[in-house]
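Colleague: I am new to this one, so could we go through the sheet and the helices together? Please tell me how each term is decided.

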Amino acid sequence: KNKILNFTENDFNPTLRKLCTEFTEISKMEKFNFNFEITEEKFPLKCDSLHLTNVVNNLLDNAKKYCTETPTVKLTARIKQKKLYISISDDGIGIDKKEQKKIFKKHYRVSPGDLYIVKGYGLGLSYVKKIVSLHKGSIELESELNKGTKITIKLPTVNWYMKTYIDKQNNKHLLVTGLPTKLKNSNLYIIDNIDQGTPLSF
C-alpha cells in the first residue's frame with residue numbers, strides 16, 4: 001500500500017524552512033501576509049519528503065486562497081511528545097461545523113463551490129489525509145465561520161543515534177549523532193566544550 005511513497009529517514013527541518021522561505025516570496029508577490037515559526041531543532045522523520053512537502057504546500061495554498069480580504073497565513077512547527085506538529089492557520093472564511101467531518105472525503109464539495117479543491121493536486125484535503133495517514137500521522141481541524149481555520153498535522157519522529165567516544169590521543173570526548181541507518185552521513189562533534197560543539201567531517 002506504500003508503493004507510491006519513497007520513505008527515507010531525514011531531518012525535515014531544512015526542507016520545511018526552504019518551503020516557508022519560498023512561500024514568503026509568493027506572499028510578497030501576491031500581497032498577502034505570511035509568517036512562520038519553526039523551532040531550532042532537528043525534525044527526524046521517516047518520510048517521503050516530496051509528498052510531505054506537497055501536503056504542506058497544499059494546506060498553505062488553501063489558507064491563502066479562501067479569504068474574502070487580504071489573507072493572513074501562519075505556519076508553526078515544533079516537536080512535542082515525540083511528534084512533529086505542523087500547524088497552518090488563516091483568518092479566512094472558515095468551515096461550518098456540519099461540514100468539518102466531511103471535507104476530507106474525496107471530491108467533497110463545501111457549499112458554495114469547491115472550497116477545498118486545490119489546483120495542482122486535484123484531490124485537496126483527501127490527498128492530505130491520505131499522505132498523512134501513510135506516514136502514520138493524524139490531522140486536527142479547528143475552524144469557525146468568518147473567523148478562520150487551523151489545521152495541524154502530527155507526525156511520529158524517529159530516534160536519533162547518539163554515542164560518545166573517547167579520543168585518548170587528543171584527550172577529547174567525541175559525540176556522534178545521526179539517524180540509525182545513516183551514520184555515514186552523521187556529524188561528529190567535539191564536546192570538551194559542552195555549550196558548543198564543532199562539526200567535523202565523518
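Modeller: Two strands pair if DSSP finds at least two bridges between them, and strands (E, at least two residues) and helices (H or I, at least four) are DSSP runs numbered from the N terminus. The model is predicted, with local features needing pLDDT of at least 70, side-chain atom pairs counting only at pLDDT 80 or more, and totals for chains, interfaces and linings using all residues. Residues are numbered from 1 along each chain as its sequence is written, and side-chain values use heavy atoms, leaving out hydrogens and water.

Colleague: How do you know that strand E5 and strand E7 pair?

Modeller: E5 (residues 83-90) and E7 (residues 148-156) are joined by 8 bridges, and pairing asks for at least two, so they pair. They run antiparallel. Tyr85, for one, has Lys154 in E7 as its bridge partner.

Colleague: What makes E2 and E6 edge strands?

Modeller: The open sheet has 5 strands in the order E2-E4-E5-E7-E6, with mixed pairing. E2 (33-38) and E6 (138-144) each pair on one side only.

Colleague: Which residues of H2 meet H4?

Modeller: Contact means heavy atoms within 4.5 Å. Among the H2 residues that meet H4 are His51, Val55 and Leu59; their H4 counterparts include Leu125, Tyr127 and Ile131.

Colleague: What is the angle between H2 and H4?

Modeller: Angles run from 0 to 180 degrees between N-to-C directions, with axes fitted to C-alpha atoms, for helices over the stretch in contact. H2 (residues 49-65) and H4 (residues 124-134) pack at about 145°, their axes 10 Å apart.
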